[in-house]
Amino acid sequence: MDDIKIEYEASPTCSRFMNSEAFGRLIAGPVGSGKTLACIFELLRRACNQEKAPDGYRYTRFAIVRQTLKQLRETVLKDILQGLRGICQYKVTEHTIFVTFGDVRSEWLMIPLENVDDQRRLLSSQLTGTWINECIEIDLSLIDPLSGRCGRFPGPKLGGCTWKGVIADTNFPEEGSDWYNFMEVATPEDWAMYYQPGGLTPEAENLNWLNQNPATLALPFNDPERVAQGRKYYEKLASGSINQNWVKRYVHALFGDDPAGMAVFRDSFVKSFHVKPELWPAPGHFLLIGQDFGRDPWSIICQPNHKGQLLVLGEVPAENIGLEKHIQTALRPLLTSDRYRAHTKAIVGDPAGIAKSSLYEETSFDLLKRNGFDAFPAPTNDVDARLRACETWFLEQRGGEAAILIDGSRCPKLVRALSGGYKFAKTRDGRRKPLPEKDEHSHPADALQYACLAALGGQQTQFIARRIGSQRNPVARQAPPVSAWT
């Protein structure tokens, strides 16, 4: 036992996944990218890091969940027995892998979900944590009750759990599916998502171990010939399949096409391309704030920069409050913070805001101006024109970067809306309507549309001439006339 040596080096995405302390973690990638092995060694690591019980041993118990027992035996079990050879033993009668070495005493229960009895076994287990293998194959509704079983072993007499949680691995689901919404639209706050690059990208992971032969395995790690041999695995999959949606999900590591085609920006918004972890305002350039009105008066803070890009720097949410309260309690305090204070600001809003209130002789734009803001209506309220303006920004590039960049840390709800939450409405028989649904996702999306319209359609030039004078127009592009949108 003492001479057994097991080594594992995680790829970049797997490393971030393993180092996360989120209660729930999901890693998604192409086939063959090392996701399963990362989950095996994550369980092993947590077993080794468990605090010792009074008797000197480290006790843990994990459930490994997949749709069928056959799948568990033919994939997960084989990988565990190979990866942890010498320190684990499988007992067929108990469907349990026992990992035993040194002071580690860990039980790994293989639990399928083929029938009601399987689910009862899972949801009555006292667990340290759970690994859901190929999670998109199981019912998402099991996540909550399954999470409630974690952290129950070891109990107080054995010193309690040092760590508890749920890990999951998967290939990419289709847009519009329950798992897509879980991963992209309505991710719980205690979950973190980790996406590996596609198998044909320069950053593809695990190529050193895929499709190798004795000659290439003898080459140094990351040798070009060895990497090229691994890439042939994905090249063959991509060229040999007539199902391009399958290739998209399992080779390119992208969400599959939504069968209903309901996501508004499904063909233009690419999260990995348009969203950055953090953006900063460009010095010397004004802020353009897209404003949605109504009882949920959302604001989206944008800025055209010197590269001709539109930076989306922050979102200011609102729920069931009036515009004036939104300004006084949320928008103004943010705009006077150190991040935005030095910049000239203008608000572009829904043209419907020019109508006077039924109670007061004041429009929404009058209210904004009374509160000290330069404000003007967007060129049009036509939905088709608004969507085309956004798509123009999403589809164009500036110097190899996206024409529009979004601060993911400061615009989480906008990103969720663009990632699929903002959908076209359906008729009763399931057909797609021409207008998007009006819900919690439409408010940030609408506010962005007004900013995109203004940035695209010449309103910047008018504003700069009127308010800033000599400041240089930061948008280096010839804007189409507003009449072209309507």
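Colleague: Before we start, what are the ground rules for the numbers?

Modeller: This is a predicted model, so local features need pLDDT of at least 70 and side-chain atom pairs count only at pLDDT 80 or more, while totals for chains, interfaces and linings use all residues. Residues are numbered from 1 along each chain as its sequence is written, and side-chain values use heavy atoms, with hydrogens and water left out.

Colleague: What makes up the secondary structure of the chain?

Modeller: There are 16 helices and 19 strands. Both are DSSP runs numbered from the N terminus: helices are H or I with at least four residues, strands are E with at least two.

Colleague: What share of the 486 residues counts as buried?

Modeller: That's 52%. Buried means under 20% relative accessible area, exposed means over 50%, and partly exposed is in between (1.4 Å probe, protein chains only).

Colleague: Then why is Asn 320 called exposed?

Modeller: Its relative accessibility is 53%, and the cut-off for exposed is over 50%, so Asn 320 counts as exposed. Asn 320 sits in the loop between β12 and α11 (323-335), and its phi is positive, about 55°, although it is not a glycine.

Colleague: Which other Asn has a positive phi, near 70°?

Modeller: Asn 222, in the loop between α7 (214-217) and α8 (224-240). Most residues other than glycine have a negative phi, and most peptide bonds are trans.

Colleague: How do you know that the buried residues of α1 are on the same side?

Modeller: Helix α1 (residues 12-19) buries Thr 13, Cys 14, Phe 17 and Met 18. They span an arc of only 130° around the axis, which means they are on the same side of α1; the arc is that of the directions from the helix axis to the C-beta atoms. Pro 12 and Asn 19, on the other side, are exposed.

Colleague: What covers those buried residues of α1?

Modeller: The cover includes β1 (24-28), α2 (35-49), β7 (165-170) and β8 (191-195).

Colleague: What makes you say both faces of strand β17 are covered?

Modeller: In β17 (residues 404-407), Ile 404 and Ile 406 on one side are buried, and so are Leu 405 and Asp 407 on the other. In a regular strand the side chains alternate between the two faces of the sheet.

Colleague: And why is β17 said to pair with β9 and β12?

Modeller: Pairing takes at least two bridges found by DSSP between the strands. Strand β9 (residues 275-276) has 2 bridges to β17 and runs parallel to it, with Lys 276 opposite Asp 407. Strand β12 (residues 310-316) has 3, also in the parallel sense, and there Leu 311 partners Leu 405.

Colleague: Last one: why are α6 and α14 called roughly antiparallel or parallel, whichever it is?

Modeller: The axes of α6 (residues 178-185) and α14 (residues 412-421) come within 9 Å and cross at roughly 155°. Under 35 degrees is roughly parallel, over 145 roughly antiparallel, 65 to 115 roughly perpendicular and the rest oblique, so α6 and α14 are roughly antiparallel. Tyr 180, Glu 184 and Val 185 of α6 make the contact with Arg 416, Ser 419, Gly 420 and Gly 421 of α14, where contact means heavy atoms within 4.5 Å.

Technical notes
Axes are lines fitted to C-alpha atoms, for helices over the stretch in contact, and angles run from 0 to 180 degrees between N-to-C directions.
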